[in-house]
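Please look at the sequence and the model shown here. The briefing that follows goes from overall shape to single residues.

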Amino acid sequence: HISTERFLNMVFLVNYEIGKKVKILNAQKTGSLIAAIRKEQNRTQQDLANELGVSSAAVSKWERGVSHS
């Protein structure tokens, strides 16, 4: 048998790792959606960046799921 403390630590670590992976997958899924809609509208990353007041590099990061800020 393992101790309750050890068990809870294991559960915490597993949930933490799953949470990180879900966050990454959500960022990638959101980025893919941004890119798909942008392309469907025949717009460039620069077009979208200008409209939103951000850099085209920021749009690129969003579409790759690297950053949402």
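The protein has a radius of gyration of 18 Å, whereas a compact globule of 69 residues would be near 11 Å. That radius is taken over C-alpha atoms, and the globule rule is 2.2 Å times the number of residues to the power 0.38. This is a predicted model, in which local features need pLDDT of at least 70 and side-chain atom pairs count only at pLDDT 80 or more, while totals for chains, interfaces and linings use all residues. Residues are numbered from 1 along each chain as its sequence is written, and side-chain values use heavy atoms, with hydrogens and water left out.

**Overall build**

- Three helices and zero strands are found in the protein.
- The order of elements from the N terminus is α-α-α.
- Helices here are DSSP runs of H or I with at least four residues, strands are runs of E with at least two, and both are numbered from the N terminus.
- Along the principal axes, the C-alpha atoms fill a box of roughly 60 × 20 × 10 Å.
- Of the contacts with a separation of 6 or more, 39% join residues 24 or more positions apart. A contact means heavy atoms within 4.5 Å.

**Surface and charge**

- The accessible surface is about 5600 Å², and carbon and sulfur atoms hold 59% of that area. The areas come from the Shrake-Rupley method with a 1.4 Å probe, and for residues only the protein chains shown count as cover.
- Buried residues make up 19% of the 69 residues. Buried means under 20% relative accessible area, exposed means over 50%, and partly exposed lies in between (1.4 Å probe, protein chains only).
- There are 10 positive and 6 negative side chains, and the centres of the two sets lie 6 Å apart. Lys and Arg count as positive, Asp and Glu as negative; His and the chain ends are not counted. Each charge is placed at NZ of Lys, CZ of Arg, CG of Asp or CD of Glu.

- Helix 3 covers residues 56-64, and its buried residues are A58, V59, S60, W62 and E63.
- Helix 1 (4-40) and helix 2 (45-52) are among the elements that cover these buried residues.
- The largest nonpolar core has five residues: L48, A49, A58, V59 and W62. Helix 2 and helix 3 are the elements that give two or more residues to this core. Helix 3 gives the most, with three residues.
- A nonpolar core is a set of buried Ala, Val, Leu, Ile, Met, Phe, Trp, Tyr and Cys residues joined through side-chain atoms within 4.5 Å.
- G65 follows helix 3 and has a positive phi, near 75 degrees.

**Residues in helix 1**

- R38 sits in helix 1. R38 counts as buried because its relative accessibility is 10%. Leaving out residues up to four places away in sequence, R38 touches R43, T44, Q45, L48 and E63.
- S32 is also in helix 1. S32 counts as partly exposed because its relative accessibility is 45%. From S32 to A49 is 17 residues in sequence and 16 Å in space, C-alpha to C-alpha.
- V22 belongs to helix 1 too. With 41% relative accessibility, V22 is partly exposed. V22 and V66 are 44 residues apart along the chain, and their C-alpha atoms are separated by 14 Å.

**The loop between helix 1 and helix 2**

- N42 lies in this loop. N42 counts as exposed because its relative accessibility is 70%.
- Most residues other than glycine have a negative phi. N42 has a positive phi, near 55 degrees.
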